[in-house]
Amino acid sequence: MSPETTASAETSAGDTMAAVRPAEGLSQNARYAPTSRLIHWAVAALVLVVWPLGFVIEFVQNDSKTPFYFLHESFGFLILWLMLVRVVVRMIRGTPPQPPMPRWQKITAESVHGLLYVALFLQPIFGFLATNAFGFPLDWFGIVTVWSPVGKSETWAPIFMGVHVALGYAILVLFVLHLGGVLHHHLLKRDATLYRMI
């Protein structure tokens, strides 16, 4: 076998292995910063806790709602601060290059990602404002009572809560779209998209 044939065979085999296990050989520059990766998975885990807590509160008896509200509000406020840190890290470190994809997929991915960022910022803010407008200060994990720019208001409370609930369902839709995109790249295209965040 000639050297050219051997090299070609090795390259082909290497390409096949890369397609099967794209994480191998993926440089640190091709991955998100460690802080970004940690915050990404922490926020994802918190969303999977906060969203169900918020959903079931309506079905819990009134005398048992307090612990649900306490955890929902405290974890939600934590998401806000984690997102702030993530944006700062993103501004400082930037983002790794995306794997090649059609332009429409890139636009869709960036749109979903951007809207998810916005929703994850606004949703806890409106939840925080709604809590105060209903006359309850945010007692964050029982550690500190967080000051609010609004007081009790029967006018604004339902408005803030309506926006908060709408954003919650928007996050659910965006979360599913984001997960679908990741699975599409990981299972069908078998590229390194998921491994950039691991």
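Mentor: The discussion below takes the terms in turn and sets each value against its definition.

Mentor: This is a predicted model, in which local features need pLDDT of at least 70 and side-chain atom pairs count only at pLDDT 80 or more, while totals for chains, interfaces and linings use all residues. Residues are numbered from 1 along each chain as its sequence is written, and side-chain values use heavy atoms, with hydrogens and water left out.

Trainee: What makes up the pattern of the protein chain, and how many helices and strands are there?

Mentor: Helices (H or I, at least four residues) and strands (E, at least two) are DSSP runs, numbered from the N terminus. On that basis the protein chain has five helices and two strands, and their order along the sequence is α-α-α-α-β-β-α.

Trainee: How do you know that the span of α3 agrees with expectation?

Mentor: The expected span of a helix is 1.5 Å times one less than its number of residues. Because α3 has 29 residues, it should span 42 Å, and its end C-alpha atoms are 42 Å apart, in agreement. Helix α2, residues 34-56, has 23 residues and reaches 34 Å between its first and last C-alpha, close to the 33 Å expected. Just after α3, Gly94 takes a positive phi of about 75°.

Trainee: Why is Gly168 called buried?

Mentor: Buried means under 20% relative accessible area, exposed over 50%, and partly exposed in between (1.4 Å probe, protein chains only). Gly168 has 5% relative accessibility and therefore counts as buried. Gly168 is found in helix α5. Of the 198 residues of the protein chain, 33% count as buried.

Trainee: What does Gly168 contact, leaving aside its neighbours within four places in sequence?

Mentor: Contact means heavy atoms within 4.5 Å. With those neighbours set aside, Gly168 is in contact with Trp51 and Gln123. Its C-alpha lies 9.8 Å from that of Leu122, a residue 46 places apart from Gly168 in sequence. For the protein chain, 73% of the contacts with a separation of 6 or more are between residues 24 or more positions apart.

Trainee: Against which elements do the buried residues of α2 and α3 pack?

Mentor: The buried residues of α2, among them Ile39, Val43 and Val47, pack against α3 (65-93), α4 (103-133) and α5 (156-189). Those of α3, including Phe77, Leu80 and Met83, pack against α2, α4, β1, β2 and α5.

Trainee: Why is α3 called oblique to α4?

Mentor: Two packed helices are described by the angle between their axes and the distance between the axes. Axes are lines fitted to C-alpha atoms, for helices over the stretch in contact, and angles run from 0 to 180 degrees between N-to-C directions. Angles under 35 degrees count as roughly parallel, over 145 as roughly antiparallel, 65 to 115 as roughly perpendicular and the rest as oblique. α3 and α4 pack at about 140°, with axes 9 Å apart. That angle makes α3 oblique to α4. The contact includes Phe77 and Leu80 of α3 and Tyr117 and Phe121 of α4.

Trainee: What label do α4 and α5 receive?

Mentor: The axes of α4 and α5 come within 7 Å and cross at roughly 150°. The two helices are therefore roughly antiparallel to each other.

Trainee: Why is Asp139 called partly exposed?

Mentor: The relative accessible area of Asp139 is 36%, so the residue is partly exposed. Asp139 lies in strand β1, residues 138-140. Not counting residues up to four places away in sequence, Asp139 touches Phe70, Ser74, Val144 and Thr145.

Mentor: Most residues other than glycine have a negative phi. Phi of Phe141 is near 55°, a positive value in a residue other than glycine. Phe141 is placed in the loop between β1 and β2 (144-146), and is partly exposed because its relative accessible area is 29%. Arg190, in the segment after α5, also has a positive phi, near 55°. With 38% relative accessibility, Arg190 counts as partly exposed.
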